[in-house]
6 protein chains.
Amino acid sequence: MAKIVTFGEIMMRLNPAGYGRFVQAHSFEVCYGGGEANVALSLSNYGMDAAFVTKLPENDLGQCALNSLRQFGVDTTKIVRGGPRLGIYFLENGASQRPSKVVYDRAGSSIALAKRSDFDWNAILDGVDWFHFTGITPALGGELPEICLDAVKVCRERGIKVSCDLNYRKKLWTREEAGRVMATLMPYVNVCIANEEDAADVFGIRAANTDIEGGKLSHEGYISVAQQLIDRFGCEKVGITLRGSISASDNDWAGMLYDGENAYFSPTYRIHITDRVGGGDSFGGGLIYSLLSGYDCQHAINFAVAASCLKQTIAGDVNLVSAPEVESLAGGNASGRVQR
Amino acid sequence: MAKIVTFGEIMMRLNPAGYGRFVQAHSFEVCYGGGEANVALSLSNYGMDAAFVTKLPENDLGQCALNSLRQFGVDTTKIVRGGPRLGIYFLENGASQRPSKVVYDRAGSSIALAKRSDFDWNAILDGVDWFHFTGITPALGGELPEICLDAVKVCRERGIKVSCDLNYRKKLWTREEAGRVMATLMPYVNVCIANEEDAADVFGIRAANTDIEGGKLSHEGYISVAQQLIDRFGCEKVGITLRGSISASDNDWAGMLYDGENAYFSPTYRIHITDRVGGGDSFGGGLIYSLLSGYDCQHAINFAVAASCLKQTIAGDVNLVSAPEVESLAGGNASGRVQR
Amino acid sequence: MAKIVTFGEIMMRLNPAGYGRFVQAHSFEVCYGGGEANVALSLSNYGMDAAFVTKLPENDLGQCALNSLRQFGVDTTKIVRGGPRLGIYFLENGASQRPSKVVYDRAGSSIALAKRSDFDWNAILDGVDWFHFTGITPALGGELPEICLDAVKVCRERGIKVSCDLNYRKKLWTREEAGRVMATLMPYVNVCIANEEDAADVFGIRAANTDIEGGKLSHEGYISVAQQLIDRFGCEKVGITLRGSISASDNDWAGMLYDGENAYFSPTYRIHITDRVGGGDSFGGGLIYSLLSGYDCQHAINFAVAASCLKQTIAGDVNLVSAPEVESLAGGNASGRVQR
Amino acid sequence: MAKIVTFGEIMMRLNPAGYGRFVQAHSFEVCYGGGEANVALSLSNYGMDAAFVTKLPENDLGQCALNSLRQFGVDTTKIVRGGPRLGIYFLENGASQRPSKVVYDRAGSSIALAKRSDFDWNAILDGVDWFHFTGITPALGGELPEICLDAVKVCRERGIKVSCDLNYRKKLWTREEAGRVMATLMPYVNVCIANEEDAADVFGIRAANTDIEGGKLSHEGYISVAQQLIDRFGCEKVGITLRGSISASDNDWAGMLYDGENAYFSPTYRIHITDRVGGGDSFGGGLIYSLLSGYDCQHAINFAVAASCLKQTIAGDVNLVSAPEVESLAGGNASGRVQR
Amino acid sequence: MAKIVTFGEIMMRLNPAGYGRFVQAHSFEVCYGGGEANVALSLSNYGMDAAFVTKLPENDLGQCALNSLRQFGVDTTKIVRGGPRLGIYFLENGASQRPSKVVYDRAGSSIALAKRSDFDWNAILDGVDWFHFTGITPALGGELPEICLDAVKVCRERGIKVSCDLNYRKKLWTREEAGRVMATLMPYVNVCIANEEDAADVFGIRAANTDIEGGKLSHEGYISVAQQLIDRFGCEKVGITLRGSISASDNDWAGMLYDGENAYFSPTYRIHITDRVGGGDSFGGGLIYSLLSGYDCQHAINFAVAASCLKQTIAGDVNLVSAPEVESLAGGNASGRVQR
Amino acid sequence: MAKIVTFGEIMMRLNPAGYGRFVQAHSFEVCYGGGEANVALSLSNYGMDAAFVTKLPENDLGQCALNSLRQFGVDTTKIVRGGPRLGIYFLENGASQRPSKVVYDRAGSSIALAKRSDFDWNAILDGVDWFHFTGITPALGGELPEICLDAVKVCRERGIKVSCDLNYRKKLWTREEAGRVMATLMPYVNVCIANEEDAADVFGIRAANTDIEGGKLSHEGYISVAQQLIDRFGCEKVGITLRGSISASDNDWAGMLYDGENAYFSPTYRIHITDRVGGGDSFGGGLIYSLLSGYDCQHAINFAVAASCLKQTIAGDVNLVSAPEVESLAGGNASGRVQR
């Protein structure tokens with residue numbers, strides 16, 4: 001069984017039920033998630049041996065976050081305990097023309113204040129096949145850029161594949177900071193994941209010689225971006241998610257996988273959204289699973305996009321689907337008929 | 001007032017709220033339903049004198065199921081009490097590309113283990129105008145096939161009209177078993193109800209000489225199936241529901257009524273689904289009501305399809321609408337404007 | 001800061017959660033609203049100094065209604081306390097082809113039984129810039145027609161702008177009564193708000209010389225209606241909301257503002273509805289805000305329609321959006337992307 | 001099987017969940033109850049044939065009230081439909097030193113405005129063994145006093161036993177009105193039920209020649225009151241409930257049955273209260289059941305008090321217990337051990 | 001109407017429903033509270049003009065906290081907006097032998113980082129009669145000790161009465177820090193409020209020459225502590241709350257008011273607790289109300305203790321009772337009988 | 001870290017919220033538990049390496065049960081998947097004089113139908129220190145008695161300590177069956193756990209030469225029972241729980257540990273109960289933890305009883321407390337004061 005380690009922050013998420021606004025809320029639904037934790041949980045659901053590494057406070061809230069992963073089989077034994085607090089984010093689910101809204105309260109979290117000495121990467125990565133992180137982890141600041149560098153260097157030494165989802169967050173750092181730091185980490189990345197804006201935000205990479213209509217890249221545009229990422233950092237593969245926001249309730253969703261030679265596009269799903277948070281993460285989880293399973297590129301992108309389509313029909317940050325469920329949708333069964 | 005008896009199983013249904021997955025559930029919504037009970041409840045809501053016959057355990061859960069019918073005026077005085085347990089089914093509501101999922105836990109229920117001697121059909125059917133059952137009832141096994149035969153024979157003797165919804169359930173019996181048993185019952189059936197797959201599953205009846213495109217029959221195909229049912233079993237009328245599953249969230253819904261000479265098609269409704277379970281049953285309820293009310297075939301199929309369209313906008317197994325509400329929709333008022 | 005006073009009834013609203021029917025309900029969600037209170041709350045949310053005037057019983061339920069306004073900054077100090085009861089309305093949210101349903105239980109409320117002596121309009125309207133009421137207020141009967149007349153006369157004396165939403169309610173009065181009473185009040189109204197049916201119901205004003213297709217007026221038809229209102233009553237501006245009910249779940253929504261010379265039409269929004277109640281009121285709130293802010297007519301109608309589009313994505317009667325949120329949608333950002 | 005008819009008002013009850021105050025409520029739990037309806041439901045739960053007679057509006061709310069009775073087997077076929085509205089009461093559950101609070105909104109209900117011609121007592125009471133009403137029914141005013149008199153006169157003619165719970169409600173009428181009206185009805189009453197204050201409030205009957213300590217009557221005091229009721233009105237039996245309010249959370253509860261010769265006192269239960277509403281009604285239900293079952297007086301009072309003790313451990317107005325459950329407690333099993 | 005200003009932090013409180021543990025929670029109930037805000041809200045409920053002063057972030061969460069006060073009539077116009085975040089605390093309600101548990105996440109809140117220049121005390125305190133703060137406010141650190149000093153100096157200049165609840169929080173500062181800072185503020189305090197441990201924790205003040213049994217002071221002990229506070233800081237009055245924790249579910253609750261000459265003890269209430277948080281604050285609110293209303297000392301302590309007894313029967317941090325409700329309990333009506 | 005394996009059934013538990021009766025329920029809270037699973041979870045919470053062994057169906061419900069254990073760190077890797085269904089039990093929480101009620105629906109579960117070949121005890125018990133089961137496991141019938149015997153024989157061979165909670169369930173087997181089967185297993189048991197009725201039900205062991213008053217044994221009686229268990233089966237220690245049911249809401253709770261020479265009694269706790277299910281299991285968990293931790297007998301019984309006292313303040317079957325929380329109560333801190 002393939003072993004994967006992902007590294008980053010897991011936060012408490014608090015959201016009013018349904019489509020309630022913050023100012024209407026008398027209770028919050030609580031779940032836990034974060035870009036890399038979500039990927040680990042996806043992989044665990046697919047039957048892989050996935051561990052999530054972070055630092056969590058030694059209180060009940062840290063324990064809740066840990067339990068949420070353990071419940072779905074994620075290996076949490078490598079999580080460091082300590083530090084002041086668990087990061088929180090508040091989510092208000094949008095509807096129709098009203099956008100979803102996020103209020104972050106993540107500053108000063110235990111992982112943001114973690115030290116290089118907290119993580120013994122040689123031990124953590126022993127026997128591991130794949131390492132995944134996102135651009136959010138170094139964006140947390142403090143020693144995180146170095147800690148990420150420590151990790152990917154050990155990966156390079158040990159031949160562990162590395163994937164990174166650029167995931168630019170403008171509230172955490174500037175484009176300049178992101179570009180500078182990510183440029184030190186990207187040379188160690190085998191598989192780069194991005195959405196249509198990340199490459200531009202972080203590296204200023206934009207589609208060359210293509211028409212852009214209505215703010216959307218053409219297929220050629222996506223290929224151009226992927227090729228530039230490969231040219232600049234030497235990645236093997238680039239996965240890109242393509243979201244068409246019709247409204248907060250309905251989105252088009254597709255993806256592309258580029259291997260430096262050919263581009264593979266998934267079908268496009270028109271999704272009536274239950275919860276769009278974690279869509280990109282579940283794409284990452286599906287892609288890593290596919291690549292570790294030796295799927296060809298077309299199968300891989302189809303699986304990754306079907307997985308992340310299903311995620312958006314499920315409440316919470318994490319993708320609670322099995323591999324057969326994903327394969328069924330990827331295989332064309334999108335009618336939603338009752339499975340008796 | 002017309003008197004109707006329906007016979008079959010009523011189960012406890014447990015489902016996570018909203019679109020929650022089983023693995024996310026910390027509570028289940030509970031309701032009670034079953035193909036024939038749902039029909040009885042529809043008819044009671046339309047103002048008819050409908051009784052449901054089954055066997056329920058002598059415990060609180062059996063009582064809950066009974067109360068759920070009594071609340072809406074169904075006559076429950078003919079229900080036999082005893083036996084080991086109430087059947088249960090677990091439902092996970094799908095959303096968009098994610099299908100709904102059912103886990104049955106109905107084996108060994110009181111009705112499945114019922115004996116012929118439990119039911120005195122001459123008493124039960126005294127003064128009754130219509131008897132309804134579905135293919136699920138004999139599929140429960142044990143003595144149920146004989147019990148159903150006992151019932152329909154009494155109906156034939158007394159001139160009670162019989163309707164049967166084929167309702168093939170592959171988890172309960174094989175196509176062969178279904179075909180063999182149903183063939184003994186069908187000769188007593190006046191009105192046969194089916195969806196596009198039932199006739200093929202149970203009797204191997206498929207549309208003759210018609211084009212099938214994309215897995216969907218043409219209008220001629222449906223007529224062919226209905227004609228074959230009439231030819232083989234001598235039914236008077238065949239009602240067929242036509243579901244087009246766009247996704248778990250949106251379905252097209254229509255129906256056909258065939259009287260051996262002419263086929264009457266309803267309008268097609270594009271339904272944004274609240275709960276699709278019981279759609280076929282509410283079609284049956286609407287059809288029986290229409291026929292007992294002396295509606296002409298076009299009115300009957302329009303009423304039955306409007307009724308079952310409305311059902312799918314209502315949570316739970318049962319159709320909580322009045323006849324005027326159905327007539328309003330059947331009459332063309334589908335705009336959903338507020339009724340002040 | 002502009003000061004606005006609105007006058008009318010605020011009711012307790014009780015509705016089953018989600019799309020539940022009354023006969024399924026074991027609890028009701030409770031909120032408070034009414035045409036004029038909803039306008040005051042909109043304006044308060046936009047940062048204006050809005051007071052709501054009514055009469056509420058001296059019990060906990062009256063206090064709850066008052067608190068619901070105070071929570072969002074509405075000035076409640078001019079509310080009179082006393083009388084027998086708080087009006088109630090029960091709402092069942094429709095879905096797809098099933099319409100929403102309202103059961104009113106508002107007879108004999110404290111405001112419906114209020115006396116002219118309860119309201120000292122000279123004091124209430126001191127320093128006020130705008131006064132708003134709807135056709136529902138005089139429709140409550142008793143002394144309300146005279147009380148409304150008292151109020152608008154003071155407005156005329158003091159140069160306070162008056163807006164009125166015709167809002168015909170057939171359960172409260174006949175077309176004849178409405179026409180007679182409203183004709184006494186309209187001469188004091190500067191800005192008249194209506195939907196496509198109100199002008200016909202109240203004043204028998206119908207589009208002249210225009211084609212009506214499928215029950216919907218053409219643009220020219222709306223202009224004709226607005227012009228007739230101006231011709232008859234001397235209003236300065238007429239705002240009309242245009243609702244296209246595709247189903248209870250999906251509506252088209254737009255509006256027109258006519259200033260006697262030119263008609264300004266907003267874009268049309270296809271809304272996936274969370275709660276359509278209060279849509280017209282939030283249009284009124286947006287229009288008054290725009291006019292008090294000195295927006296040009298096109299900006300004003302765009303703001304009012306965007307505001308009321310957002311309202312329909314929010315549960316409850318009242319529009320919990322800020323002016324920047326409305327401006328964002330009015331400015332064309334309808335994609336519903338997450339605001340991080 | 002004994003047949004019982006009870007007559008009165010059934011209201012919608014709305015209460016905040018748990019111990020929430022009105023001003024905290026964002027939803028209300030909804031149930032339905034009323035003194036006489038509660039008695040009918042108790043008797044139905046004990047297996048008797050109990051019908052409830054009232055007048056309910058022809059809307060969904062009236063239907064909900066009717067369904068709530070039908071669910072538990074009460075015969076609702078004699079209910080008259082029509083009139084303007086369903087009475088409502090709002091309940092705030094107290095806790096510890098904070099008392100429960102009731103806001104009535106029952107004026108103008110369909111039953112309060114009912115006419116003598118609405119009820120054909122000869123038909124309603126045909127074949128009936130027992131008729132029950134409470135002092136609340138005539139207190140509703142209008143023609144209710146005459147309607148009650150109509151009913152009890154038919155009972156006298158037909159030899160139907162009549163029970164009446166005095167149930168004085170000071171918000172409905174004055175002591176004088178109550179005394180005058182009830183004095184016309186009491187001569188037809190066989191079994192009178194009261195609590196420690198009712199007899200004094202309605203008839204000015206107070207304990208003679210006994211010590212009253214701390215506001216509580218001694219046993220002799222209760223007997224004196226009962227004897228006076230018998231002397232004055234010729235009742236056969238008087239049942240009195242004895243509540244000791246330690247706090248809103250904990251009460252002592254007992255009862256006395258007096259047959260004109262001997263007084264039978266039940267044990268006293270220290271109840272940790274779930275919901276005290278309907279305690280007296282469930283006492284009435286238990287007493288009528290006992291008397292119809294031919295229990296001796298000691299058994300009868302023990303059953304009635306055990307029944308009403310159990311009621312107060314159950315949320316809502318009505319007593320959802322079976323006769324064996326009551327017998328178990330009446331038999332001394334008060335330890336609350338799990339029944340596996 | 002007396003005008004009061006209170007100053008401190010208001011936090012978001014998140015707690016699992018009922019008696020749920022953090023590790024069981026899938027949702028949190030949300031409310032808002034803080035020592036000084038709770039006092040302001042109590043006073044507003046009693047009909048006084050109470051303003052709360054703090055600094056809240058310019059986001060939806062800050063707005064929610066503000067709205068929670070505004071809903072109950074607290075003047076929020078003096079609240080400063082800005083800074084990074086709203087403080088949060090997580091509460092797990094204990095039961096029986098299991099204690100309640102609090103996890104604070106309040107570091108770095110907008111108020112904790114507020115600057116002296118944020119508050120113009122001369123403007124804020126203009127026309128004010130009473131100023132209240134607690135030991136928590138200076139304990140937040142940063143410039144809060146100076147800000148508090150700024151405020152109380154303005155109070156002294158203007159003759160505004162000052163009350164302070166010592167409220168020692170060991171997670172916020174050490175005993176030494178508390179003692180040093182509070183000693184600078186206490187000379188400006190007219191009325192000092194404390195529980196049995198605060199005076200010892202903050203000032204090392206312990207009962208002299210008295211027996212202490214079972215960790216509880218005798219009456220003389222409390223007087224001794226109060227006298228020492230007066231001797232040392234020159235307060236006029238000292239109010240002390242006396243809690244006897246039988247378990248997390250049941251507490252004894254009483255209080256003492258000492259005016260330097262005589263000590264006035266309230267009755268003791270045995271409370272079956274709904275929510276004990278805010279008990280001390282509601283005591284403070286009741287005491288300030290009583291003193292501003294000119295109650296004599298016995299009436300004042302009785303009112304304050306009855307008020308805080310009632311608070312503990314109400315969920316949330318704040319005391320949602322009216323003055324007549326408190327007076328009723330203070331007057332001896334503790335039986336919890338239904339108020340119809 | 002000590003390794004423990006427990007073996008038995010885990011069921012889905014469904015209960016109405018709060019004190020709701022089955023016939024009132026519109027939803028059920030769902031959790032998972034069983035005697036041996038509860039012990040494993042307790043031990044995991046105390047930081048030990050606890051595995052639970054059972055057989056669960058290969059469906060979502062089986063997965064839910066497994067996840068519920070995994071969430072709290074129980075090793076679920078030894079669980080066998082397969083078989084027809086998950087056992088279910090329905091629980092109605094009692095209140096005051098109304099007892100809790102359990103409806104079992106566990107027949108035909110995957111574990112009840114498990115085969116000896118499903119469990120390779122040599123592999124399962126490799127490296128294990130302690131094995132625990134209860135009398136419920138063999139009571140499930142089928143091959144379970146032999147499977148248990150297989151397990152305890154391997155334990156004897158490997159020197160693994162064995163504990164057994166007699167836990168007689170009369171709905172699963174007769175006293176005779178229980179006595180016969182348990183007599184074959186007891187010789188392998190080192191630590192026997194029982195409540196006051198188990199030893200009598202299973203082995204006919206009753207207190208010798210002691211007075212029994214009111215159905216409760218004296219201390220000597222408990223010692224006599226324990227001594228007889230030791231005499232007959234050679235156990236090393238016997239732990240007995242002592243429950244005094246005052247009502248469904250309030251219980252006394254204590255325990256005794258007997259080592260063949262001395263009897264150690266814990267203090268008695270008066271518990272205001274949140275959920276009494278699993279009380280005995282949490283006693284077992286506490287006792288095993290204590291013995292594995294080398295606690296002396298008095299410390300052990302105090303810990304076990306404090307642990308199980310806390311369990312009864314927590315909803316659900318399982319004991320979600322840490323060792324320090326138990327030690328705090330066992331150390332005498334029972335006041336329930338807030339832990340800030």
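**Where chain C meets chain D**

Let's start with two strands: β3(C) and β3 of chain D, residues 27-33, pair in the antiparallel sense over 3 bridges. To find one of these spots, look for C:Glu29, whose bridge partner in β3(D) is D:Ser27. Keep in mind that this is a predicted model.

Now step back to the whole contact. Chain C brings 24 residues to it, and chain D brings 23 residues. The size of an interface is often given as the accessible area lost when the parts come together. Here, about 1800 Å² is buried between chain C and chain D, with 66% of that coming from carbon and sulfur atoms. On the chain C side, the residues that lose the most area to chain D are C:Phe28, C:Asp60 and C:Leu61, which together make up 27% of what that side buries.

As for polar contacts across the interface of chain C and chain D, 7 residue pairs turn up, both residues at pLDDT 80 or more.

Which parts of chain C do the touching? At least two residues each come from β2 (11-15), β3 (27-33), α2 (60-70), β7 (88-92) and β8 (101-105) of chain C. The largest share, 5 residues, belongs to α2(C). Sorted by class, the side of chain C that touches chain D has 13 nonpolar, 5 polar and 6 charged residues.

Notes:
Residues are numbered from 1 along each chain as its sequence is written. Chains are lettered from A and ligands numbered from 1 in the order in which they are written. This is a predicted model: local features need pLDDT of at least 70, side-chain atom pairs count only at pLDDT 80 or more; totals for chains, interfaces and linings use all residues. Side-chain values use heavy atoms; hydrogens and water are left out. Contact means heavy atoms within 4.5 Å. Buried area is the accessible area (1.4 Å probe) that two parts lose on being put together, summed over both. A polar contact is a pair of N or O atoms within 3.5 Å; within protein, one must be able to donate a hydrogen and the other to accept it, and residues adjacent in sequence count only if both atoms are side-chain atoms. Helices (H or I, at least four residues) and strands (E, at least two) are DSSP runs, numbered from the N terminus. Ala, Val, Leu, Ile, Met, Phe, Trp, Tyr, Cys and Pro count as nonpolar, Asp, Glu, Lys and Arg as charged, and the others, Gly among them, as polar. Two strands pair if DSSP finds at least two bridges between them.
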